[in-house]
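This report covers the nonpolar cores, a metal site and a ligand site of one protein. The sequence and structure come before the details.

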Amino acid sequence: MLAESANLPIPPTALPYRAYFRCFRGCPGEYSLYEVIYTCPTCGGLLEVHHELEPLQQRSAEAWKQTIEKRVGTTTWPYGSGVWGMREWVAPDLADANVVSMYEGNSNLYWAERLGRQIGVPNLWIKLCGNSHTGSFKDLGMTVLVSVVKQMMARGSAVRAVACASTGDTSAALAAYAACAGIPAIIFLPQGKVSTAQLAQPVANGAHVLALDTDFDGCMKIVQEVTQDNSIYLANSMNSIRIEGQKTVGIEIVRQFDWQVPDWIIIPVGNLGNISALYKGLELLMDLGITDRMPRLVAAQASKANPFYQSYRNGFAEQVRLRAGTTLASAIQIGDPVSYEKAVQAVRATNGIVEQASEHELANAAALADLTGMYTCPHTGVALAALFKLVERGEIAPRDRVVVISTAHGLKFTGFKAGYHEGSLAEVESEHANPPVYLPADSRVVKETIQRKLGE
Ligand SMILES: *Cc1c(COP(=O)(O)O)cnc(C)c1O
Ligand SMILES: [Zn+2]
């Protein structure tokens, strides 16, 4: 029965698959994905979505690969989405009518040949997750969270709105997907600590943007209080439903390599949800017999906010928590990461590495990449700087196939780019500054200048 359905272009949606929340640390108990629950009632730890493997394993690896591949690029609802093209592995009992999608995912994975040759790793690939609706890979998780909320509301739940505390990409993604669904969104921001760009996205998408007279941690406290009575659903990282969407990025990379596994995947990390998600997706491919090995995962941190790096250096003997310093990589400026335990598993199980990058290193790495045609955000700069270090140390070998996950679009970070080329960024010496040349409208001067520039 199942094998037959794999031959249809789009398999039917009456699925025998089952997924539920359970405690990541192993306490007993199963909770519906449509229940308002964020942490384990027994130990207070994180939940994870568990997919029952047996029914999934009834179908052959070959059949799964064909099914997923057939859905790529179709407009048939909801399979045009890179996330919902894997719906059986994400949230199997989500009804078509409740999917809230803007056809996210399926972002380009491209061969960064010129940069790769410059640094001695010609088989270098960049996964451009910032090429997405709100300009970051947070869209992948938010389509799942908002869809789950829509299904809860359709089935009579008391939930009336979604909320998060964030200064950047999470609030942009939540506001956009909530607007797409017509669900009210409430965004908590620390007053005066938010740039125009960070404010503009949720404001434009009609979210209720509440700028509080406190810092980020203060906003986090308020949002947790406000979401206590279950009428407002919490969309922060603590909510592990988002991981189910975020995990598709690793699966998508493997699919894009014709189901081959790269040697390394490098990702910038803050709250540590995404590296956990990457691991979870890749582990599922192993469980289904689609792949037979893991890539080595590299978690890249900004030196200014490096608790995970410090924990790694002490052999994960204890979780380091600190007060994060200000970094250009603002989306990973986090001192007390929520998904620490899951990320430790991801690094350990893949023989992974945690590396760090200073402000100077991340900005220059981003600029060097831009000179080969990219337009990198500061977080991608952190990942690239980690790559350069691992190549220099000989950890990454010249013939290895390496993927760097570019997590946001550089266009969200105009201040970073302009500041770099003006040479005005704190603690950064701009080694590749390329400021504009201001000239009179005089063709002789212009010609001389061009001669000089091309001769440089
Ligand atoms: C959220 C985010 C990250 C890090 O993901 P975590 O799950 O917090 O580790 C990296 N880069 C960008 C652009 C992000 O928005
Ligand atoms: Zn527990």
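## Nonpolar cores

Ile275 is in contact (heavy atoms within 4.5 Å) with Ile267, Val269, Leu297, Val298, Ala299, Ala343, Ala346 and Val347, leaving aside its neighbours within four places in sequence. This is a predicted model: local features need pLDDT of at least 70 and side-chain atom pairs count only at pLDDT 80 or more, while totals for chains, interfaces and linings use all residues. Residues are numbered from 1 along each chain as its sequence is written, chains are lettered from A and ligands numbered from 1 in the order in which they are written, and side-chain values use heavy atoms, with hydrogens and water left out.

The largest nonpolar core has 101 residues, and Ile275, Trp89, Leu145 and Phe308 touch the most other members. A nonpolar core is a set of buried Ala, Val, Leu, Ile, Met, Phe, Trp, Tyr and Cys residues joined through side-chain atoms within 4.5 Å; buried means under 20% relative accessible area (1.4 Å probe, protein chains only). Helix 6 (residues 138-154) gives the most to this core, eight residues; helices are DSSP runs of H or I with at least four residues, strands are runs of E with at least two, and both are numbered from the N terminus. Another core, of 42 residues, lies apart from the largest one and includes Ala112, Ala329, Cys377 and Val391.

## Strand 12

Ile405 lies in strand 12 (residues 402-406) and is buried, at 0% relative accessibility. Beyond four places in sequence, the contacts of Ile405 include Lys127, Phe137, Val249, Ile267, Leu278 and Thr380.

## The zinc site

Which protein atoms are the donors of the zinc ion (ligand 2)? They are the SG atoms of Cys23, Cys27, Cys40 and Cys43, lying 2.3 to 2.4 Å from the ion. Donors are N, O and S atoms within 2.8 Å of the metal (3.2 Å for Na, K and Ca); water is not among the atoms, so sites may look incomplete. Along the chain the donors follow the spacing C-x3-C-x12-C-x2-C.

Cys23 lies in strand 1 (residues 19-23) and Cys40 in the loop between strand 1 and strand 2 (47-51), so the pair ties together parts that are 17 residues apart in sequence. Cys23 is buried, with a relative accessible area of 3%, and Cys40 counts as buried at 3%.

## Ligand 1

Ligand 1 is surrounded by 15 residues, the closest being Lys138, Asp169, Gly270, Asn274 and Thr407; a residue counts if one of its heavy atoms lies within 4 Å. A polar side-chain atom of Lys138 is 2.7 Å from an oxygen atom of ligand 1. A polar backbone atom of Asn271 lies 2.9 Å from an oxygen atom of the ligand.

Note on methods:
Buried < 20%, exposed > 50% of the residue type's maximum accessible area, 1.4 Å probe, protein only. Polar contact = N/O pair within 3.5 Å; in protein donor to acceptor, adjacent residues only side chain to side chain.
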